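Have the viewer open as you read.

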Amino acid sequence: MASNTRHLDFWVNTVTFSVENCLFRVPREPFQRESKFFRNKFSSLQGDGGEVEGLSDEKPIRLDGVEKNDFEQLLKVLFRRTHTLLPDLSLNTEQWTSILKLSTAWSFQEPRQAAIDVLINEVCAVDRVVLARKYNLEELLLPALNELVQRPKPITMEEAVQMGLDTGFKLASFREEVAIQRASKIKGKNGRKLGGGMQNSYVANGSGNSPVQVIDFSDRIRVAFGLSVGPSIGQTPLNASQIDSTVSMHPAGSASL
């Protein structure tokens, strides 16, 4: 009787992980295909007596230092796709941040980009600065800094602590410059078009109907923060690793700069 052979496309090779003493048995293929970290791990790990880890509950691959909840969120993205397209997952900001955390650490490009696409629209500028520095998100940092320079609300002391005090005080300096430039360009009491070649250069009048002047400080911000040369607002910019050390996100308070 002829022996059975495994179908090349429709035979699922599983792997068992242990995360915070909880076992996960999942298809191995997306880990093997999408993550260099796991390709290297699969090729190097062996248990006692030559038994390969990850093939049984008794010899799982231990992912030390990984939180169970973070791993669960990544698995939701990896295994709820259809033909490589991400489904409409009902995940909150914290869950997408978990996905960003592990997909960055393990080089899963598609889940990482999906998390970025969601978070860029769901978190405030301060949190985007924190995320950009922590996870090297070049496409988030410069636009977020520009937004903070020009927003009406002052930078609070708590926000400065989140981003790093050096970042906070540099932003406060830029904000003062914005206020001075806008004030010096106003002609008369009603909002009129301004000179100086500034982008969208209009100032709001007393009725609040005229657009507020928007100044692109990208070049100045790059110099002040030691960022690499790149496109301006809304484009892919810079090297986030040169900003001061990362601080976790916390709710903002009332003190301001």
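## The cavity and its lining

Sort the residues around the largest cavity by class and you get 4 nonpolar, no polar and 3 charged ones. By name, that lining consists of R28, K41, F42, L45, V52, E53 and I61. The space inside comes to about 40 Å³. With a threshold of 30 Å³ or more, the count is 1 cavity. As for the idea behind this, rolling a probe the size of a water molecule over the atoms shows where empty space is left.

One thing to keep in mind throughout: this is a predicted model.

## The overall layout

The chain has 10 helices and 3 strands. Reading from the N terminus, the order is β-β-α-α-β-α-α-α-α-α-α-α-α. There are 257 residues in the chain, and 40% of them count as buried.

## Charged pairs

How many salt bridges does the structure hold? The total is 9.

| Salt bridge | N to O distance |
|---|---|
| E29 and R33 | 2.0 Å |
| R33 and E34 | 2.5 Å |
| D166 and K170 | 3.1 Å |

Start with E29 and R33. Both sit in helix α1, which covers residues 29-34, and they are 4 residues apart, about one turn of the helix. E29 is partly exposed, at a relative accessible area of 43%, and R33 is partly exposed too, with a value of 43%. R33 also meets E34 in a salt bridge. E34 is buried, since its relative accessible area is 16% and the cut-off for buried is under 20%.

D166 counts as partly exposed at 41% relative accessibility. K170 is partly exposed as well, with a relative accessible area of 24%.

Now jump to helix α10, residues 218-225. Which of its residues are buried? They are S218, I221, R222 and F225. These four fall on the same side of α10, because the arc they cover around the axis is only 105°. Turn to the other side of α10 and you find D219 and V223, both exposed. After the helix comes G226, with a positive phi near 65°.

## Aromatic rings

A pair of aromatic rings is described by the distance of the centres and the angle of the planes. In this model the count of aromatic pairs comes to 14. Take F24 and F71, an edge-to-face pair with 5.0 Å from centre to centre and 85° between the planes. That pair links distant parts of the chain: F24 is in strand β2 (residues 22-27), F71 is in helix α3 (residues 68-79), and 47 residues separate them.

F37 and W106 make a stacked pair instead, with centres 5.8 Å apart and 15° between the planes. F37 lies in helix α2 (residues 36-44), while W106 is in the loop between α4 (93-105) and α5 (109-122), so this pair ties together parts 69 residues apart in sequence. W106 counts as buried at 5% relative accessibility, whereas F37 is partly exposed, with a relative accessible area of 34%.

A cluster linked by ring pairs takes in F17, F24, F31, F37, F38, F42, F71, F79, W106 and F108. F42 in that cluster is also one of the residues lining the largest cavity.

Notes
Residues are numbered from 1 along each chain as its sequence is written. This is a predicted model: local features need pLDDT of at least 70, side-chain atom pairs count only at pLDDT 80 or more; totals for chains, interfaces and linings use all residues. Side-chain values use heavy atoms; hydrogens and water are left out. On a 1 Å grid over the protein atoms alone, a cavity is a set of points where a 1.4 Å probe fits but cannot get out, and a pocket is an open set with protein on both sides within 12 Å along at least five of seven lines; lining residues have an atom within 4 Å of a point. Grid points are joined across faces, edges and corners, and a volume is the space filled by probe spheres set on the points. Ala, Val, Leu, Ile, Met, Phe, Trp, Tyr, Cys and Pro count as nonpolar, Asp, Glu, Lys and Arg as charged, and the others, Gly among them, as polar. A salt bridge is a side-chain nitrogen of Lys or Arg within 4 Å of a carboxyl oxygen of Asp or Glu. Helices (H or I, at least four residues) and strands (E, at least two) are DSSP runs, numbered from the N terminus. Buried means under 20% relative accessible area, exposed over 50%, partly exposed in between (1.4 Å probe, protein chains only). The arc is that of the directions from the helix axis to the C-beta atoms. Rings of Phe, Tyr and Trp (its six-membered ring) pair if their centres lie within 6.5 Å; planes under 30 degrees apart count as stacked, over 60 as edge-to-face and the rest as tilted.
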